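Please read this report with the sequence and the 3D structure open.

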Amino acid sequence: MPGLGSSLSLRHCLTFATGLVECLCFAGAVFGWASLVFTLKTEGYFSSRCVNTTEVNATDVLDCSGQDEQFSFVFTIASFMNNFLTLPSGFLFDWFGTTVARLVGIFLYTLGTLMMAFSTAALSNLLFPALSLLATGGILFLITNMQVGNLFGSHRSTIITLYNGAVDTSSALFLCIKLLHESGISFRSSFLFLSACSVIHLLRTFFLLPKDHIPYLLPKDYTYGITCGRSETLSIKQTPEKTPLNVDSPVKQEKSFRECVMSRFLVLHFLWLSVMHLRHYFFIGTLNPMLQRLAAGDSSLVSQYTNAFAITQLCGVLCAPWNGLIVDRHKGKARAAGESEQEADLRALALSLFLTALQCLVFSLCASIPYLPLQYFTFIVQVFNRSFLYGGNAAFISVAFPSCHFGKLSGLVMALSAVFSLLQYPCFALVNGPLDGNPLYVNIGLTLLSLLAFIHPLSVFLHCRNLASQRAIVASS
């Protein structure tokens, strides 16, 4: 049909661009918690937890460690929900398709923004369900958008990592709310505006995304969405998937969901993701009290560093594609005799996984040093690491396992890492209690724990080397 190709190309580009905006502006707002905490404190949320205490020199001071603990608890629950509910979200997406998953996500996100809008200092506990709903709705936005990479073939991994980086960048949304609040725009008005934006999400769901899933590999002239009041979604036969990589033997075969779950790669991938998740969540959850401690309570200095942290999060969308390019650079290049495209991608992912673990180690070391100006560098390394972490997680699962299990496996890994990340709350309690607000020893412990992340890239590297050795033996015989 004349003009169909250009029409499809335009729709693909619009789908990609609007998905990027959605991830940039909404999906990962929960990770800008440090900026929102600053605003919430000025509004008096959980202020009843602050008590007057008398120091050794008989000076009366206001102890707000209880208030900080409540804010940390809100973030702990929200970050847990953000990851743990990825499992049912993945099943929802795999079983019921894009439209149903997005409608659920839009409902949860809108409900969360409305709860935030109508919360007050007297209703501080509304923050618990509100932030959790924002986190859960945001993860559904991300899951349904990552399939857009299937529209762009050889750039698939780059698109996936770009969207994950955009989610990191969206944490700057709460910085915008903080700055608007300081300029006189009420907290309630900002969140009511976010609620109204749900109309945009609905329009995109029906006009620029399929009812079911975007297949990979993409059939010729595949189209989707609603045009002129009627559905244009192409009814297609099952498209053969790339033969999934069998990580336990050189023979390639379709793997069941159970086989994927029990594989060595998924177990090590869970460990890789979980230790870095915990490190990042502890850093974000304790950022505000850490800055207060290092700035000796200077609120203007704390605000300055909080803004700097939020601004660096804007760079997440610029950092993430580099991870995808590490994988996609192999496409179109000559490979070793007998080496499949998936094996080449997996070999590239070994480097990606290693660089991510190395970034986390550097970030953790910098975060452990109690020197305020160094935290500027810590913010930069942190945003690079988070961008590589989430993009690399999605890219690895999409390469190493069958795409029909992508949503379920992504959800499972994130859910298990969420359970692991609950360790952050005992860490918070330890810092606020026996350690008297000093996180140094906990930071050292988490730095040592992050060394476990190097096991996964080493395992992938050794697996690829064994495959290469087996091909060499076969070729020589």
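## The model

This is a predicted model, in which local features need pLDDT of at least 70, side-chain atom pairs count only at pLDDT 80 or more, and totals for chains, interfaces and linings use all residues. Residues are numbered from 1 along each chain as its sequence is written, and side-chain values use heavy atoms, with hydrogens and water left out.

## Helix 18

Helix 18 covers residues 424-432. Helices are DSSP runs of H or I with at least four residues, numbered from the N terminus. The buried residues of helix 18 are Gln424, Cys427, Phe428 and Val431. They fall within an arc of 100° when seen down the helix axis, so they line one face of helix 18. The arc is that of the directions from the helix axis to the C-beta atoms. Buried means under 20% relative accessible area, exposed means over 50%, and partly exposed lies in between (1.4 Å probe, protein chains only).

What covers these buried residues? The cover includes helix 3 (65-84), helix 11 (264-285), helix 17 (406-421) and helix 19 (440-449).

## Ser190

Ser190 is placed in helix 8, residues 187-196. Why does Ser190 count as buried? Its relative accessibility is 8%. Leaving out residues up to four places away in sequence, Ser190 touches Ile177, Leu180 and Ile185. Contact here means heavy atoms within 4.5 Å.

## Aromatic pairs

The whole structure holds 23 aromatic pairs. Rings of Phe, Tyr and Trp (its six-membered ring) pair if their centres lie within 6.5 Å; planes under 30 degrees apart count as stacked, over 60 as edge-to-face and the rest as tilted. Phe26 and Tyr109 form an edge-to-face pair, 6.2 Å centre to centre with 80° between the planes. This pair links distant parts of the chain, with Phe26 in helix 1 (residues 4-27) and Tyr109 in helix 4 (residues 86-117), 83 residues apart. Phe26 is buried at a relative accessible area of 10%, and Tyr109 is buried at 2%.

Phe309 and Phe379 also pair edge-to-face, at 5.2 Å centre to centre and 70° between the planes. Phe309 is in helix 13 (residues 299-313) and Phe379 in helix 16 (residues 374-400), 70 residues apart. Both Phe309 and Phe379 are buried. Elsewhere, ring pairs link Trp33, Phe46, Phe71, Phe73 and Phe128 into a cluster.

## Charges over rings

Lys178 lies over the face of Phe38, 4.8 Å from the ring centre. Arg279 lies over the face of Phe363, 5.5 Å from the ring centre. A charge sits over a ring if NZ of Lys or CZ of Arg is within 6 Å of the ring centre and within 35 degrees of the ring normal.

Key:
Helix = DSSP H or I, 4+ residues; strand = E, 2+ residues; numbered from the N terminus.
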